[in-house]
Amino acid sequence: MNDLIDKLTEAEAKTLLKTLETKRPTIILDAYNSIKRTDPEPDRPSAEVQGWCKCTHCPEMDRELDRVCCNMRPEHCISLRTEMSLVTDTLVLNIQGPMNKGIYVHDAALEQTQDELNQKLRQGAYRQCNLWIHGHLGPRIRKNVPACCVQVIRDKFPDSAGKYTGFIPLE
Ligand SMILES: [Zn+2]
Ligand SMILES: [Zn+2]
């Protein structure tokens, strides 16, 4: 395998990384973070941004455990990627619903308010987002959805009273 990698041209290596990146963004992110970079950190565009957020797209979060950033530079923030529209696609969420233990979104027999439905859609979207970013983590490993992506999901499926429970991981 190392031999194969050594033979790649720079252009081939870049294409390969980009293909990998669309499948699993965190593979590249983790590898990138492990490389000690000697160049200075880019200037933060806004002093207002909370200390834990690097991408500048995360909203303030009440719970400590929700203060998770995608850790990308502002222009590469995961929440800006086109895949986010798939993560929040209602058709995809309805198909995924039955697999998400009890989060069955499209159930005509249930009389649900829009807020109740949106809450289920948000939970479904958080799970999709987590799967997309981290892959399948196994039962005991939990990672939270980056707050910037949580914001996109809340904007798409808002709660009329602004009450949000946050991501509830599956047991
Ligand atoms: Zn952030
Ligand atoms: Zn971000």
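A residue counts as buried if 20 or more other C-beta atoms lie within 10 Å of its own, as exposed if 12 or fewer do, and as partly exposed in between, with C-beta atoms placed from the backbone. The helix takes in residues 10–23 and reaches 20 Å from its first C-alpha to its last, close to the expected 20 Å. That expected span is 1.5 Å times one less than the number of residues.

This is a predicted model, in which local features need pLDDT of at least 70 and side-chain atom pairs count only at pLDDT 80 or more, while totals for chains, interfaces and linings use all residues. Residues are numbered from 1 along each chain as its sequence is written, and chains are lettered from A and ligands numbered from 1 in the order in which they are written.

The protein chain has seven helices and zero strands; helices (H or I, at least four residues) and strands (E, at least two) are DSSP runs, numbered from the N terminus. Of its 171 residues, 24% count as buried.

The largest nonpolar core has 26 residues, and Cys148 and Cys149 touch the most other members. Such a core is a set of buried Ala, Val, Leu, Ile, Met, Phe, Trp, Tyr and Cys residues joined through C-beta atoms within 7 Å.

The largest share, six residues, comes from α7.

Beyond its neighbours within four places in sequence, Cys149 is in contact (C-beta atoms, placed from the backbone, within 7 Å) with Cys70, Ile78, Ser79, Met84 and Cys129.

Conventions:
Two residues are in contact if their C-beta atoms, placed from the backbone, lie within 7 Å.
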